[in-house]
Amino acid sequence: MQPSRLMPREEHPIIHPEERRYTGGCHCGRIRFAFSARATELTECNCSICRAKGALWLPIRAEALEVIARADDVQVYRFGTCTAEHSFCRACGIHPYVKPRILPQLRMVNAHCVDDPAVETLPRRAFDGRDFERAAEALMAEIASRRRA
Ligand SMILES: [Zn+2]
């Protein structure tokens, strides 16, 4: 059976209670990355840049992300408040990861850039980036209430 995002969490082939090792990179291979994470959920954002990229984000701890690239090959794009750092490959233009504007302790890895395509089948959570301030506030409130629980 093909994994699907509608598959119950407990049956999903890559949702594990333990951390797993992942690798990935841009299209031409000038940027490669590796990380260990418990991948359980992707973030699908509808803000202007995420829509344009068609990106699907896997949130991981910033310190978990290991980037293997020449500094010259990685370009950072900023816009708006210029807080988020959208890293992309100078040669092929693909955006493998982002330092987000909120939760800077995370890196958002482009699930489409992970070598294991099963990552793209993880359940998706919508982030209403088109209404960024309100969505960010709601997310921070949810995280705070999870911490209290
Ligand atoms: Zn590239």
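Predicted model: local features only at pLDDT ≥ 70, side-chain atom pairs only at ≥ 80, totals over all residues.

Colleague: How many helices and strands does the protein chain have, and what pattern do they follow along the sequence?

Modeller: The protein chain has 2 helices and 10 strands. Their pattern along the sequence is β-β-β-α-β-β-β-β-β-β-β-α.

Colleague: Is A71 buried or exposed?

Modeller: A residue is buried if 20 or more other C-beta atoms lie within 10 Å of its own, exposed if 12 or fewer, and partly exposed in between, with C-beta atoms placed from the backbone. A71 has 6 C-beta neighbours inside 10 Å and therefore counts as exposed. A71 and I31 are 40 residues apart in sequence, and their C-alpha atoms are 9.4 Å apart in space. Over the protein chain, 23% of the 149 residues count as buried.

Colleague: Which strands form the open sheet, and in what order?

Modeller: Two strands pair if DSSP finds at least two bridges between them. Here 3 strands form an open sheet in the order β1-β2-β5, with antiparallel pairing. The edge strands, each pairing on one side only, are β1 (20-25) and β5 (66-68). From one strand to the next the twist averages 20 degrees; axes are lines fitted to C-alpha atoms, for helices over the stretch in contact, and angles run from 0 to 180 degrees between N-to-C directions.

Colleague: How many bridges join β1 and β2?

Modeller: β1 and strand β2 (residues 32-37) pair in the antiparallel sense over 6 bridges. R20 stands opposite A37 in β2, and G25 has R32 as its bridge partner in that strand. The hairpin of β1 and β2 has 6 residues between the strands, and G29 there takes a positive phi near 90 degrees.

Colleague: Which residues other than glycine have a positive phi?

Modeller: Among them is C82, with a positive phi of about 60 degrees. C82 lies in the loop between β6 (74-77) and β7 and is exposed, because 9 other C-beta atoms lie within 10 Å. Another case is L103, whose phi is near 55 degrees. L103 sits in the loop between β8 and β9 and is partly exposed, with 15 other C-beta atoms within 10 Å.

Colleague: Which residues have the most contacts inside the largest nonpolar core?

Modeller: A nonpolar core is a set of buried Ala, Val, Leu, Ile, Met, Phe, Trp, Tyr and Cys residues joined through C-beta atoms within 7 Å. The largest one has 26 residues, and those with the most contacts inside it are W57, L58, V109, A111, V114 and V119. At least two residues of this core come from each of β2, β3 (42-45), β4 (57-61), β7 (85-89), β8 (97-99) and β9 (106-110). β4 gives the most, with 3 residues.

Colleague: What span should helix α2 have, and how far apart are its end C-alpha atoms?

Modeller: The expected span of a helix is 1.5 Å times one less than its number of residues. For the 17 residues of helix α2 (residues 132-148) this gives 24 Å, which agrees with end C-alpha atoms 24 Å apart. The number of buried residues in α2 is 0, so the helix lies largely in the open.

Note on methods:
Residues numbered from 1 in each chain as written. Helix = DSSP H or I, 4+ residues; strand = E, 2+ residues; numbered from the N terminus.
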